Amino acid sequence: MLALQLLINGLVTGCALGVVSVSFGLIYATTKLFHVAHAGVYTLAGYLAWSLVRQGVPDIVSLLIAMVASAAVGAAIQGVLYAELERRRATHLVVLIASLGMLAVMQNIIAAVYTPNILQFPLPWSSRMIGIGNVRLTWTQVLTVVLCLGAFAGIMWFSHRTILGKQIRAVASNPFLAEITRLRPQRVYVTVMAIGSAAAALPGVLVPLDLGLQPYGGVTPLLTATIAMIAGGIGSIGGSFLLAVGIAVLQNLSLLIMPGEWSIGVTFGIFVVFMLFRPTGLFTRR
Amino acid sequence: MDFLYSYIALAEVYVLLGLSTNLLVGIAGIFTVSQAAVFGVGAYIVAYCLMHEIVGFVPALLLASACCVVLNVLVTLPSLRVSGDYFVVTSFGIQLMATAIFINWTGGTGGANGLPGIPPPDLFGFPLESNELLVLLTTAGTGFGCLAFWLIMRAPFGRLLRAIREDELAVAAAGKGVLRAKVSAAALAGAFAGSAGGLYATFLSFVDPSSFDLDASILLLTMVVVGGARTLPGSILGPFLLLALPQALAFIDIPTSIAASARQLIYGLLLIAFMLFRPQGLAGEKL
């Protein structure tokens, strides 16, 4: 019975993680930057929503504002920091270090403003339970599954069916050629960062509803999401979502045999296995 | 006086660590945020050996270095086979996993409380108990590390590493083993970090997980970036400057509750500013 409950919990966490993974993958595949500061955007979204809810803003409006604000932050990081680094012909390593610096800045501004302690959302409905058979779910979990699957479907549709999505994929596959055809890569990068950041804000708000907020809490989900992205195959949206769900399920099932503190070990073990046997990921076409 | 001694000794330990980070980041061009974890492994091994009187200080230090060499090689080998970016994941993963082990494995590491009361180091049966002698020990250790770094960078192996940093493909085309050179650099970095950990544990006579977390790794990277990558003067300058920063901050009236975040915030700002305006740091070469 416990196993079934853990399986369901894993599926729920996996949906949230999947959206982080897809959003990071979208950014990574397009800009080719390892955007470590994405963890900061993810965390920031939760704190923004928390502040708004505290001010008495309706829950759903808070979520939307947090997503829009995250999009703006992401676009600003690309438009100001990364674009300037690109203009100065910074190497990959330099951009990576700057991104890590950005992460440190965001985390510590949050820690200075909100204190480093765990904050809980003051929402009574979020922990109310509903039972389906023998499995019990909180409303937050139901909402997470619905919204995250919706976001995943939305990103899928967007990047394969809309003009903008096709432009993004064109820049991702060959920025030089895209520039010749009058697409401006830098502008596309800003758009991608905005979309990716808004998408990451969704799990960034939903996951803390259950687990609470912590300034340094974004690194582990981002790491897990990145592993899912690599294992699923870079550039494959469906692959990274699926692998994220898989990893989250394995993490939760591992609670049957070992305590939760070691779940990062499970994730990392999966990564090493992929590294040794299938470094290009499960779902790559090239 | 004691304050000055501890400043010097800590800065020296960080110089040794900075050399280790510099080997990876500056010279081999591998981004890493896990050197604090390797540092911690070294510190805990030496602390454990001395507290349980398993071996003396010198063998413990050698054991710690050897373990860190193996750890660093194991970490770098699979990722380097694939792509540079994958190493970022490995490095974050190792750091988070090490922190989890340091905090949760109470039997070996004392958990979140750490290991207090590490006995003073001994050199061949002669215990070093006063602060002066301990500072001399760290100075000797760091001096030895600096000399080794300088000699290595002058040797053909050092030139090979520099060449890889400039153009990996050209080096490979010239028939040199790029992977082997990078793994050797990582191994060397492990030895440096491991011995720095041992010196740190014995000087403070106390270790706890907070000295070896992701923030510590970021501080370390900031030291290397501010001082300057790839050079010996840069690796020495960075730690001395950045360890003086908390003291300078003490003059500004910041509430103690946010002091730690404020410090870490400054490190982040320094990373961004240096990457934008002076990627070579104060006394380094092009990064």
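**Figure 1. Overall fold of chain A.** Chain A runs through the pattern α-α-α-α-β-β-α-α-α-α-α-α-α when read along its sequence. That makes 11 helices and two strands. The radius of gyration is 19 Å, close to the 19 Å that the globule rule gives for 286 residues, so chain A is as compact as a globular protein of that length. The model shown is predicted. Along the principal axes, the C-alpha atoms of chain A fill a box of roughly 60 × 45 × 35 Å. Of the 286 residues in chain A, 51% are buried. Among contacts in chain A between residues at least 6 apart in sequence, 78% link residues at least 24 apart.

**Figure 2. Confidence across the predicted model.** The model has an ipTM of 0.90 and a pTM of 0.92. In chain A the mean pLDDT is 91, and 99% of the residues reach 70 or more. In chain B the mean pLDDT is 88, with 98% of residues at 70 or more. Confidence in chain B is highest in helix H2 (residues 35–51) of chain B, at 93. Confidence there is lowest in strand E3 (residues 126–127) of chain B, at a mean of 80.

**Figure 3. The contact between chains A and B.** Chain A contributes 38 residues to the contact and chain B contributes 35 residues. On the chain A side, helix H3 (59–87), helix H4 (92–114), helix H9 (219–232) and helix H11 (263–277) each supply at least two residues. H4(A) gives the largest share of that side, 14 residues. By class, the side of chain A that touches chain B has 29 nonpolar, seven polar and two charged residues.

**Figure 4. The largest nonpolar core.** This core has 186 residues. Residues from both chains are among those with the most contacts inside it: Ala45(A), Leu100(A), Val46(B), Leu221(B) and Leu271(B). Helix H8 (residues 185–211) of chain A gives the most to the core, 16 residues. Leaving aside neighbours within four places in sequence, Leu221(B) is in contact with Ile97(A) and Leu100(A) in chain A. Within chain B, Leu221(B) contacts Thr21(B), Val25(B), Val33(B) and Leu271(B), on the same terms.

**Figure 5. Helix H2 of chain A.** H2(A) covers residues 38–54, 17 residues in all. At 1.5 Å a residue the helix should span 24 Å, and its end C-alpha atoms are 25 Å apart, which agrees. Of the 17 residues, 15 are buried, so H2(A) is largely enclosed by the rest of the structure. Gly56(A) follows H2(A) and has a positive phi, near 95°.

**Figure 6. Helix H6 of chain B.** H6(B) covers residues 131–154, 24 residues in all. The buried residues of H6(B) are Leu134(B), Leu137(B), Thr138(B), Gly141(B), Thr142(B), Gly145(B) and Phe149(B). They pack against helix H1 (2–27), helix H9 (178–204) and helix H11 (232–251) of chain B.

**Figure 7. Surroundings of Gly25(A).** Gly25(A) lies in helix H1 (residues 2–31) of chain A. It is buried, with 27 other C-beta atoms within 10 Å; the cut-off is 20 or more. Not counting residues up to four places away in sequence, Gly25(A) touches Met229(A), Ile234(A), Ile237(A) and Ser240(A). Gly25(A) and Ser240(A) are 215 residues apart in sequence, yet their C-alpha atoms are 7.7 Å apart in space.

**Figure 8. Two loop residues of chain A with positive phi.** Lys32(A) sits in the loop between H1 and H2 of chain A. Its phi is near 60°, a positive value in a residue other than glycine. Lys32(A) is partly exposed, with 15 other C-beta atoms within 10 Å. Arg89(A) lies in the loop between H3 and H4 of chain A. Although Arg89(A) is not a glycine, its phi is positive, about 55°. Arg89(A) has 7 C-beta neighbours inside 10 Å and so counts as exposed.

Note on methods:
Residues are numbered from 1 along each chain as its sequence is written. Chains are lettered from A and ligands numbered from 1 in the order in which they are written. This is a predicted model: local features need pLDDT of at least 70, side-chain atom pairs count only at pLDDT 80 or more; totals for chains, interfaces and linings use all residues. Two residues are in contact if their C-beta atoms, placed from the backbone, lie within 7 Å. Helices (H or I, at least four residues) and strands (E, at least two) are DSSP runs, numbered from the N terminus. Ala, Val, Leu, Ile, Met, Phe, Trp, Tyr, Cys and Pro count as nonpolar, Asp, Glu, Lys and Arg as charged, and the others, Gly among them, as polar. The radius of gyration is taken over C-alpha atoms; the globule rule is 2.2 Å times the number of residues to the power 0.38. A residue is buried if 20 or more other C-beta atoms lie within 10 Å of its own, exposed if 12 or fewer, and partly exposed in between; C-beta atoms are placed from the backbone. A nonpolar core is a set of buried Ala, Val, Leu, Ile, Met, Phe, Trp, Tyr and Cys residues joined through C-beta atoms within 7 Å. The expected span of a helix is 1.5 Å times one less than its number of residues. pLDDT is the predictor's confidence in each residue, from 0 to 100.
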